[in-house]
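Here are some notes to go with the structure, written as a colleague would read through it. Please keep the viewer open beside you as you go.

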Amino acid sequence: MVTAGERKIVEVVVMAKGRKPCAPCGGCRQRLVEFAAPDTPVHVCDPKKVLKTMTLGELTPLFFGPKNLGKKT
């Protein structure tokens, strides 16, 4: 994404096989915090349907992000 010149994530889909929602891992969450706003929708899905939708802020409360470094988002 960054190599292609993009700097903003506007929506996320996490796809996993199985019945339980599979949330993004810690490394992915950190990248999301760096490139997406707290109100960015995150959809966790299985191959057939959306299992749960939440905002990035709901997924990562009390996150460390650009604001902690004095940067504007």
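1. Is aspartate 46 buried or exposed? Before answering, please note that the model is predicted. Aspartate 46 has a relative accessible area of 10%, and it counts as buried because that value falls under 20%. In the chain, aspartate 46 is found in the loop between S2 and S3.

2. What does the side chain of aspartate 46 meet in a salt bridge? The partner is the side chain of lysine 49, with an N to O distance of 3.9 Å. Do keep the cut-off in mind here, as a salt bridge is counted within 4 Å. The search of the whole structure finds 1 salt bridge.

3. The side chain of aspartate 46 also has backbone partners. One of its polar atoms lies 2.8 Å from the backbone nitrogen of lysine 48. For the backbone nitrogen of lysine 49, the distance to a polar atom of that side chain is 2.8 Å. Leaving out residues up to four places away in sequence, aspartate 46 touches Met15, Ala16, Gly18 and Leu51.

4. Now to the sheet. Three strands form an open sheet in the order S1-S2-S3, and the pairing is mixed. S1 and S3 (50-55) are the edge strands, each pairing on one side only. From one strand to the next, the twist averages 20 degrees.

5. Take the two pairings in turn. S1 (residues 12-15) and S2 (residues 41-45) are parallel, with 4 bridges, and valine 14 stands opposite valine 44 there. S2 and S3 run antiparallel and are joined by 5 bridges; in this pair, valine 42 stands opposite methionine 54.

6. Which residues of S1 lie on its covered face? They are Val12 and Val14, while Val13 and Met15 are on the uncovered face. Side chains in a regular strand alternate between the two faces of the sheet.

7. The largest nonpolar core has 11 residues: Ile9, Val12, Val14, Leu32, Val33, Ala36, Val42, Val44, Met54, Leu56 and Leu59. At least two residues of this core come from each of S1, helix H1 (26-35), S2 and helix H2 (56-59).

8. Apart from neighbours within four places in sequence, valine 44 is in contact with Val14, Pro21, Cys22, Ala23, Val50, Leu51, Lys52 and Met54.

Definitions and conventions:
Residues are numbered from 1 along each chain as its sequence is written. This is a predicted model: local features need pLDDT of at least 70, side-chain atom pairs count only at pLDDT 80 or more; totals for chains, interfaces and linings use all residues. Side-chain values use heavy atoms; hydrogens and water are left out. Buried means under 20% relative accessible area, exposed over 50%, partly exposed in between (1.4 Å probe, protein chains only). Two strands pair if DSSP finds at least two bridges between them. Axes are lines fitted to C-alpha atoms, for helices over the stretch in contact, and angles run from 0 to 180 degrees between N-to-C directions. A nonpolar core is a set of buried Ala, Val, Leu, Ile, Met, Phe, Trp, Tyr and Cys residues joined through side-chain atoms within 4.5 Å. Contact means heavy atoms within 4.5 Å. A polar contact is a pair of N or O atoms within 3.5 Å; within protein, one must be able to donate a hydrogen and the other to accept it, and residues adjacent in sequence count only if both atoms are side-chain atoms.
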